[in-house]
Each structure stands twice: as C-alpha cells, then as structure tokens.
Protein chains: 2
Amino acid sequence: MAKSKAKAGRGTSGRDRAAAGERIVKLARSVVQTVRGADDPFVDIPARTLSNVQFNAKKGIIELQGGTQRRYFFSLLGRRKGEGSQAKKFMQTVRVAEVCKRLIDAGDSTSLRDLFYNLKVPIKTPPGTPRSRELIFLDQSESDPIIEDIEVTVSALREELGVHAETKGAMVGPLTIVDNGDTIDLTAMGSGGWAVPSIVEADVIQFVKSRAQFVLLIEKGAVWQRFNKDRFWEKHQCVIIHGGGQPPRGVRRLVYRMHNELKLPVYVLVDNDPWGYYIYSVVKQGSINLAFESQRMAIPAARFIGMSSFDADEFDIPSHVPMPLTDEDRRRAKEIRAYPWFQSKPWQREIQHMERLGVKLELEALSNKNFSFITEEYLPRKMREKRWLD
Amino acid sequence: MAKSKAKAGRGTSGRDRAAAGERIVKLARSVVQTVRGADDPFVDIPARTLSNVQFNAKKGIIELQGGTQRRYFFSLLGRRKGEGSQAKKFMQTVRVAEVCKRLIDAGDSTSLRDLFYNLKVPIKTPPGTPRSRELIFLDQSESDPIIEDIEVTVSALREELGVHAETKGAMVGPLTIVDNGDTIDLTAMGSGGWAVPSIVEADVIQFVKSRAQFVLLIEKGAVWQRFNKDRFWEKHQCVIIHGGGQPPRGVRRLVYRMHNELKLPVYVLVDNDPWGYYIYSVVKQGSINLAFESQRMAIPAARFIGMSSFDADEFDIPSHVPMPLTDEDRRRAKEIRAYPWFQSKPWQREIQHMERLGVKLELEALSNKNFSFITEEYLPRKMREKRWLD
C-alpha cells in the first residue's frame, strides 16, 4: 500500500485568495484611471455565451473562448433585450466586487442569498441630492450572474471570492484532513461521515495523510450509506464520497483536489439513465453554463465505472427489474448522445444500447440480488475486470 | 457549566430493535394460527386516515386514535376504490415484514428504494403450478405505505425495522458521541461538521459526554455554516444542527433524543414564512401523515426562537428588505393559522401580523445589516430577552 504525505497548501490557498483580491483592486484601479482621464469607464467581461464556449478535445474539458463584452458606465442601453442598462450593471459589478474584496480581507465567506440581501439597499446618491428609492438589487436573479461576471473577470473561483453554495454530501476513507484547524481522521467518522462543506480550498482544507488508492464518487446518499456500512473504503482502500444527486461545487472541487494533489484516480458510480450520464459528464468535462471554471473543477481523467446499459445482462438482472425509459428520458438520451465529448465508439454503443433496451437501471436495482451485491460483487468485479469507460 | 455524562443505551437500543423483531414474529404466528384453525387469516392495521388522527392538546402532539382496519387474506376486494385486493396487500405485508425481520436479524438496514427493488420479484406459486408473471411490487408507491403499515402494526419506528430515509444535515457542538463504534468529538469537526446519518437509534449513536446547554435547530444549511464559522456553539455552549430545509427523520429523531436523554431545551430557527412555521410545527407536534410516530419524534417543548413577524420592526430591518408574500404563501398562512396547535393568542398574533404586513423575512435578510448580525446580535438578544414562542 503506497503511503503518501500530501503537502498542504498546494492548489488554491489563502495566497491565491489574496491574489484574487489584488486582481479586484487592479480592476478598480483601471476604472478610476479611466475616470481621471475623463474617459467613459468600463470593465471587460469574458462573454459567457454559448458561442464563446467550446469543447477542447485535447484537454478534454469544456472551455471558454476569448470573446469579451465591454460594460460601460455611461450607457443606459442594455446589452440584450430586457436587460438593465449597462450603467446599472456597471454599478452592480463594482458593488459586488467591493463586497468580495471585504470578504477576502476579513477571511470571511457568505452565501449567494446573503450577499444578495446585503446589497438589497438603495443606490447611493451624492451628498445634497435627493435619496434614491431604487435598490441595487431587487432580486437574487440579478446578483448571481454578477458574481459569475466577477469570477471570470478576475479569474477566481467563487470560493476564492468567499461566496459559497449549498452544502450536500459526505465523505469517509483512509485519509486524514485538516478542516479549519481541526485534524479529522476520515476512517473514524461512524455511519454519518464528514459533511463536505461548500468551500474546500486549501486555506480551509488540507490533506495530511493518505492511504487511499482511488476516489469513488457515488451519485446517491442512500447508496453511499451502503458502501459505508459494508466498509467498502476499508476493504478497497479508497475514499467514498457522495453529493446527494448532482454533486454540489464543494464535492466536485474536493474530488478535483484529491485527483490532482493526491494523484488518485477517480471513479464515478451513477444510475444508468441519461441523468447519470450527465452527472458523470459534468464531473469529467465541466458544464456549459460554468465553462470558465472547468480548468479548476473538471477531471478529464474521471472514469465511468457504472451503471452501464450492459450491466443488466452481465450481472443477470431479471428483465422485470429495470424501469422503462420515459419520453423525457428518451429525449435527454438523444441530446446527450449528440454531445461532442460522447462521440467515441464505446460511448455511442453505451448510450444506444440503453435506448435500444428502452429501460434504465438504478443503483438500487442491484438490491434485487441482495442488499450488499453492489459492494461485494458488482463493483469489485467491475474494478477487477477494468470495465469502465473513459 | 453543567457537565453531564449521558448513559448510552437509553431510548431506542439494539434491544428495542430485537423487540420489534419479536413483535413481527408474533404477528406472523397469529396468522399461522388462524390458518391452522382453518379460518381466514388477517392482520389488524391501525388506520392512518385523517379521521383517525387527533391533536392531543394535553400532550401537545398529533396522535393516532384507536381505529384499525382488518386486512383479510381471502378477499379480492380493495378497501378503497383503485386499491389492490386485500389478498394482494396481505401478501405484500407479509413479504415486507419478512424482509424487515431479516434486516433486524442481520443488524442491517436499507433504503426504501432498495427494499422496493428487493421485492420487485414475481409472486411465488406452489411447486408444480405455472410460474406467475405478476410482481409483488411494480412501483415504490406500493411498497412505501406497506412499510408504514408494519411500523404502526408492530409499533416500531422505520429505523428499528432497518429502513432508512435520505440523509441530509450536519451537526457540531460541545458533545462527544459514539457513531457505529467511532468516538467523535463534535467540537473538532472543522467547517464541514459531522453528517447526520439517517438511522440514529441508540444501537448506532450513543451520547458519551456533553457540555451543551441547548440545541439550536437551524432550517438552512447556508445559515448553519455561518453559525459554525462564527463558532456560535462555542460561545453559547450549544449543539447546532440543520436539516437542509424540512429536517429529515434522522435529524428530527436525533434532536428528540438529545432533548429527552440529555435534557436539553430545543430552539428552532426558521424563515419567517408559512413554510418556516410548518417546519417548526412538525418538529414540535409531529405531522398528520406520520401521526403514529409523534410519540417518538415530536418535541412538544420545542421553542420557536424566530424569525418572528415582529423581528423586522424589533431589529430595524429597512422596509425594502423583506419579500412580499405570494398568493401561495397567503393561502398556506391561512391554513396554518387554522391548525388546532396554533390557536394560542401569541401564535394567532404572530401569524396574523405576517399576513397584515404582507411580507416574509428570510434568515438571510439579516445580512442586510452585516453577515454576522444573526449570530452576534439577533440570536443572542432573542435568547437573552426570552423572545420565543412555545
């Protein structure tokens, strides 16, 4: 068994957070400079439009291209129909950047919703002029995209800016971490496990000692409980982690860090249905919506260990066990089959076989054999026979 | 600060689980006896109908009354329109009871979905007769109510039968627990916390050492993160726990155990909207759907610490901060105002004030002041001034 002593502080650290803060200051300085030069101030924001997104087959990730949009202060026109004026968005961008800078300086973080309420305040007007009744933000649907604007403009992850998402998911395995100063041995976390927080950057979470050979990312919490109960992580010396369905950012980022810093292969175990394929594809290539984060979230080497549409046959699951595909499932399967990153022969074969059979196979379907079939027979055999897709 | 050494094994223990198993055997014996007496075998199942549910004002919980339904083996008629025959339901009941008994004997547990798939098998026919194509269960919507039937018939919680629900939520505080043999110090769980498992009965979770003075149950994970970040549990010597919205069974049952075994008062902190009131009411009185579990899940002494519809005024939240009530919110508020357990004057005043103001106040709205206002000013003052509702 290989023992490795991982160095703390690789990946994103407090230093990186400070650097993100400096990039916000630089942005602000360039705005001030333009104003002093009596020019119309602006910010250039990389365009998060579909036409500016591409799958980089060589790197195996979905990437943002070079296109940018310039947001001027002195413009009352929106960029798109129904959008607020550039002047307003400019002001919003500057105010959100200001809050992020304050969070960085205080070593603090907050949620998207808290940040929205923090800026649900009237627009400041110059001294001596009447007070404005207009609010900086009226709805969270306005503030969320501004955070993304800043992320991509100063090339920082949301987590470095100090903005966290929901928390979901748990983890155990032969790994000792430090979380916010507390040393936590993930082999001694009982039936519950360690709850994966939303922000898992290296200034919060450090890997101290690892005996893990690989990471197993499981789609569902209930199935993860079975893997924990049967102590799969002990028998197979691996980290088991789940994200309660589509894994949240914290889980994805933590798996990314274990893969890159601890050099652990990553296996993804999902339902055999189009939604399972999609969960795998987001872990592997990133998502179209958040293409600018792929470089630090996506894991191109992640392997799809199951469930495969060939598994029912391989493992003698009786034909009355799987559920029929719904119309919605079929529509989604067709979409997914057309994705550029699913064009390899094995993947086309995998998806088309599911469509041909007309059924989906959930992880829990293996309980038709017995409750521990998935941990004692199914997964060990798939690993042993290297029956995964890349 | 009071130190208490809680005894393990109070509340539900492995012994209680075994007792539930014995009650299943007893049920089975009575069926066999009836068959031997050449009578029509039956099971008597307490009726989980609205008319058999009542709020017990003295105990402060929603209770099941004495009505039962008899399910015969030799009847092809359903009890209600569209329901399967009693014969089929009888068979389903016996098969599910059998699986539960096997889980108890093996010290094992499984999910509702796994159990469904485990019994998605053809009905057994006597040797020599043709095989049946009919499945015991075709859909999980059939198997879930059968579990509830068995729970209520043998007076065991689902968790004692070995059937777990989804997991959600996390917990930290000055409390040391044993979870499945691992000793876990909940003051050293970092930013993530201990993930609350679905089954928290005393054969899995034991309380070892507690310095906690109270339990704070927080509606939202993002707000819990703030309480953990600001180390509220350390400053105020309390356990903080969340259930990611409507708390799942594991969280409710664990809070119940801490309340009853560690004698800790329970404070519930939710959004000020009808859904927040409802979350509180389920924690306190139990729910109508699962009235048979109230006795071992509901916490009649739980206190509503906020947010109150009077808080915006009390804490000088500007009027542009709260969100307007939607039509759906208003409809729900009216329903909740009519619940028998909200008939006290202070509660009528609380709900009517929200309706009159026409706005709701989320926990995150306090971030309009500053991100730590909720942990440093709002909650300490509410506790100090005893501004809660019973």
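The legends below describe close-up views of a predicted model. In this predicted model, local features need pLDDT of at least 70 and side-chain atom pairs count only at pLDDT 80 or more, whereas totals for chains, interfaces and linings use all residues.

**View 1. Helices α2 and α4 of chain A cross at roughly 70 degrees.** The axes of α2(A) (residues 86–105) and α4(A) (residues 140–153) come within 9 Å, an axis being a line fitted to C-alpha atoms over the stretch in contact, with angles running from 0 to 180 degrees between N-to-C directions. Because angles of 65 to 115 degrees count as roughly perpendicular, α2(A) is roughly perpendicular to α4(A). The contact (heavy atoms within 4.5 Å) is made by Lys88(A), Lys89(A), Gln92(A), Thr93(A), Val96(A) and Ala97(A) of α2(A), together with Glu142(A), Ile146(A), Ile147(A) and Ile150(A) of α4(A).

**View 2. Helices α12 and α13 of chain A cross at roughly 165 degrees.** The axes of α12(A) (residues 327–337) and α13(A) (residues 345–357) come within 10 Å, and the two helices are therefore roughly antiparallel to each other, a term used for angles over 145 degrees. Arg330(A), Ala333(A), Lys334(A), Ile336(A) and Arg337(A) in α12(A) meet Gln348(A), Ile351(A), Gln352(A), Met354(A) and Glu355(A) in α13(A).

**View 3. Lys220 of chain A is a buried loop residue.** Lys220(A) is found between β12 (214–218) and α6 (221–229) of chain A, and its relative accessibility of 16% counts as buried (under 20% relative accessible area, with exposed over 50% and partly exposed in between, for a 1.4 Å probe and protein chains only). Leaving aside neighbours within four places in sequence, Lys220(A) is in contact with His242(A), Asp271(A), Glu362(A), Leu363(A) and Glu364(A).

**View 4. Met258 of chain B belongs to the largest nonpolar core.** This core, a set of buried Ala, Val, Leu, Ile, Met, Phe, Trp, Tyr and Cys residues joined through side-chain atoms within 4.5 Å, has 226 residues. Those with the most contacts inside the core include Trp194(B), Leu216(B) and Met258(B). Not counting residues up to four places away in sequence, Met258(B) touches Met171(B), Leu175(B), Phe207(B), Val215(B), Val239(B), Lys263(B) and Leu264(B).

**View 5. Glu314 of chain B lies in helix α11 (residues 311–314).** At 30% relative accessibility, Glu314(B) counts as partly exposed. Glu314(B) touches Arg381(B) and Arg387(B), residues up to four places away in sequence not being counted. Glu314(B) and Tyr378(B) are 64 residues apart in sequence, yet their C-alpha atoms are 9.8 Å apart in space.

Note on methods:
Residues are numbered from 1 along each chain as its sequence is written. Chains are lettered from A and ligands numbered from 1 in the order in which they are written. Side-chain values use heavy atoms; hydrogens and water are left out. Helices (H or I, at least four residues) and strands (E, at least two) are DSSP runs, numbered from the N terminus. Angles under 35 degrees count as roughly parallel, over 145 as roughly antiparallel, 65 to 115 as roughly perpendicular and the rest as oblique.
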